[in-house]
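Please open the model in your viewer and keep the sequence panel beside it. The tour below moves from one selection to the next and says what is to be found at each stop.

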Amino acid sequence: MNWVELIIHTTTAGAEDVSSLLMSLGAGGTMIEDRADIPDPSKPNGIWEIIDPALPESLPEDVLVHAWLEPGESFPSLLAELKHRLASLAAERKDFGTLLL
């Protein structure tokens with residue numbers, strides 16, 4: 001099956017809400033890329049004792065929420081609905097970043 005990958009730029013505060021929005025619109029799954037999820041390599045503990053110190057800097061500054069949706073006849077209307085809901089969310093929550101698609 002073919003999938004369309006969408007990526008939305010947000011913040012740590014907005015990542016879960018954006019992921020939930022995408023799932024409610026029928027995403028087959030989501031993935032959040034957030035440098036805040038990487039523990040500080042200068043303070044090792046437990047399983048994070050071996051970590052490349054450059055890893056946090058190699059991640060994008062924005063938090064990226066990836067989602068995979070099925071292409072099809074309804075995809076254009078789904079994309080329009082997503083853009084509308086992201087614009088509403090951006091107006092309500094300034095701490096969610098740009099919410100660029």
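In which sense do β1 and β3 pair, and over how many bridges? The two strands pair in the antiparallel sense, over seven bridges, where pairing requires that DSSP finds at least two bridges between two strands. This is a predicted model, in which local features need pLDDT of at least 70 and side-chain atom pairs count only at pLDDT 80 or more, while totals for chains, interfaces and linings use all residues. Residues are numbered from 1 along each chain as its sequence is written, and side-chain values use heavy atoms, with hydrogens and water left out.

**The whole chain.** Colour by secondary structure to see three helices and three strands, which follow one another from the N terminus as β-α-β-α-β-α; helices (H or I, at least four residues) and strands (E, at least two) are DSSP runs, numbered from the N terminus. Of the 101 residues, 30% count as buried, a term that means under 20% relative accessible area with a 1.4 Å probe and protein chains only.

**The core.** Next select Ile8, Val18, Leu22, Leu69, Leu82, Leu86 and Leu99, which touch the most other members of the 19-residue largest nonpolar core, that is, a set of buried Ala, Val, Leu, Ile, Met, Phe, Trp, Tyr and Cys residues joined through side-chain atoms within 4.5 Å. Centre on Leu99 and, leaving aside neighbours within four places in sequence, look for its contacts (heavy atoms within 4.5 Å), among them Ile8, Val18, Leu86 and Leu89.

**Asp34.** Asp34 is buried yet has no salt bridge, and the nearest side chain of opposite charge, Arg35, is 6.8 Å away; a salt bridge would need a side-chain nitrogen of Lys or Arg within 4 Å of a carboxyl oxygen of Asp or Glu. A polar atom of the Asp34 side chain does lie 2.9 Å from the backbone nitrogen of Ala36. Beyond neighbours within four places in sequence, Asp34 is in contact with Thr12, Leu59 and Val63.

Terms used. Buried < 20%, exposed > 50% of the residue type's maximum accessible area, 1.4 Å probe, protein only. Lys, Arg positive; Asp, Glu negative; His and termini not counted. Polar contact = N/O pair within 3.5 Å; in protein donor to acceptor, adjacent residues only side chain to side chain.
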